[in-house]
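Take a look at the protein below. This report walks through a few of its parts, one topic at a time.

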Amino acid sequence: MTDPAGAPGAAHQKIDTSVPHSARIWNYWLGGKDNYPVDEEAGDAYTAVFPGIVTIARSSRAFLRRTITYLAAEVGIRQFLDIGTGLPTADNTHQVAQRIAPDARIVYVDNDPMVLAHARALLYSTPQGATSYIDADVLDPDRILEAAAGTLDLSRPTALILSNILGHIADHDQARSVVTRLMAALPSGSYLCVNDGSRGVDPVFEEAQDAYNESGAVPYNLRTVDQITAYFDGLDLVEPGVVTVPLWRPDADSPAPGPIGEHGGLARKP
């Protein structure tokens, strides 16, 4: 992996182990070990109310794998901009893409110092491709695009990946504005992939998430399906559209999927 691009002030950031962090809790639910006791306690408290969160976390990761496989294998995308990377686990974006296309180029974006440290150590590219990391906030799309251009040719079709990150933006209109700005910089033939926690499927999930948001941890805002669908305005949705993620092109040998409080979709820029 190349050195992180554009990380002014990153050396001054510190990992706060006294407050649970969503990326570390998510890692815990996925079976990873890159977390602290405070994260395990918060994760266990959440699952005590809503055990189904582990299914949501793992279904989200499976959705990411299937969409990247589709992009690399079926439509020939070779560039990926993954914002809100989170801690490395199995089947990271570059691993899925480069298994299919070793020359794929991937830029990861996050602003958590622990994610940065692990990205430096673990996210290695194939010799034919490239993998780099940008220390930046999703609310600064111009900086992200400027730094990403050091690894990606943004005049060529690129897949923008926003997996469980837009819920961290409290205002939905602001979240839509971020998506619009990022997609405006990408050419025709680029793709947008979004999945986020959703309201309207499971009241117990919604109750658990609302309680988590009031705990002092960094809040994550569930969206309605219509709000998630609005991120794709002006784009051409790939079938089956915006659906609960287990229903997005499930693997043929998977058990019959059921709906969960996580919706996503993939769309092409005309």
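## Buried or exposed

A residue is called buried when its relative accessible area is under 20%, exposed when that area is over 50%, and partly exposed in between. Ile165 has 12% relative accessibility, so Ile165 counts as buried. Keep these cut-offs in mind. They come back under several headings.

The structure is a predicted model. The average pLDDT of the protein is 88. A score of at least 70 is reached by 90% of the residues.

One stretch calls for care. Residues 1-12 have a pLDDT below 50. In the model, this stretch still makes 25 contacts beyond near neighbours in sequence.

## The largest pocket

The largest pocket holds about 860 Å³ of space. Its lining is made of 47 residues. Which of them lie nearest the centre? They are Ser22, Ala23, Asn164, Ile165 and His168.

Several elements contribute to this lining. Helix H1 (22-29), H3, S1, S2 and helix H8 (203-213) each give at least two residues.

## Ile165 at the pocket

Ile165 sits in the loop between S4 and H7. It is one of the residues nearest the centre of the largest pocket. Which residues does Ile165 touch, not counting those up to four places away in sequence? The partners are Ile83, Gly84, Val138 and Asp196.

Now consider Ile165 and Asp110. In sequence, 55 residues separate the two. In space, their C-alpha atoms are 9.7 Å apart.

## Asn164 and its polar contacts

Asn164 lies in the loop between strand S4 (159-163) and helix H7 (172-184). Its relative accessible area is 14%, so Asn164 is buried. Asn164 is also one of the residues nearest the centre of the largest pocket.

The side chain of Asn164 has a polar contact of 3.2 Å with the side chain of Tyr220. Another polar contact, of 3.0 Å, joins the side chains of Asn164 and Glu262. Leaving aside neighbours within four places in sequence, the contacts of Asn164 also include Trp26, Ser60, Asn195, Asp196 and Gly197.

## Salt bridges

Side chains of opposite charge can pair when their charged atoms come close. How many salt bridges does the model have? The count comes to seven.

Asp103 and Arg78 form one of them, at 3.6 Å from N to O. Asp103 is in the loop between helix H4 (93-100) and strand S2 (105-110). Arg78 is in the loop between helix H3 (53-74) and strand S1 (79-83). The pair links distant parts of the chain, 25 residues apart. Asp103 has 41% relative accessibility, so it counts as partly exposed. Arg78 is partly exposed too, at 24%.

Asp142 and Arg181 meet in a salt bridge of 2.6 Å, N to O. Asp142 lies in helix H6 (residues 141-148) and Arg181 in helix H7, so this pair ties together parts that are 39 residues apart in sequence. Asp142 is partly exposed, with a relative accessible area of 43%. Arg181 is partly exposed as well, with 35%.

Arg199 and Glu206 are joined by a salt bridge of 3.6 Å, N to O. Glu206 counts as buried, at 16% relative accessibility.

This pair belongs to a network. Salt bridges with shared partners join Arg199, Glu206 and Asp210.

In H1, the buried residues include Ala23, Arg24, Ile25, Asn27 and Trp29. Ala23 also lies among the residues nearest the centre of the largest pocket. After H1 comes Gly31, with a positive phi near 95°.

Asp39 belongs to helix H2 (residues 37-49). Is Asp39 buried or exposed? Its relative accessible area is 0%, so Asp39 is buried. Not counting residues up to four places away in sequence, Asp39 touches Val19, Pro20, His21, Arg24, Ile25 and Tyr28.

Key
Residues are numbered from 1 along each chain as its sequence is written. This is a predicted model: local features need pLDDT of at least 70, side-chain atom pairs count only at pLDDT 80 or more; totals for chains, interfaces and linings use all residues. Side-chain values use heavy atoms; hydrogens and water are left out. Helices (H or I, at least four residues) and strands (E, at least two) are DSSP runs, numbered from the N terminus. Buried means under 20% relative accessible area, exposed over 50%, partly exposed in between (1.4 Å probe, protein chains only). A polar contact is a pair of N or O atoms within 3.5 Å; within protein, one must be able to donate a hydrogen and the other to accept it, and residues adjacent in sequence count only if both atoms are side-chain atoms. Contact means heavy atoms within 4.5 Å. A salt bridge is a side-chain nitrogen of Lys or Arg within 4 Å of a carboxyl oxygen of Asp or Glu. pLDDT is the predictor's confidence in each residue, from 0 to 100. On a 1 Å grid over the protein atoms alone, a cavity is a set of points where a 1.4 Å probe fits but cannot get out, and a pocket is an open set with protein on both sides within 12 Å along at least five of seven lines; lining residues have an atom within 4 Å of a point. Grid points are joined across faces, edges and corners, and a volume is the space filled by probe spheres set on the points.
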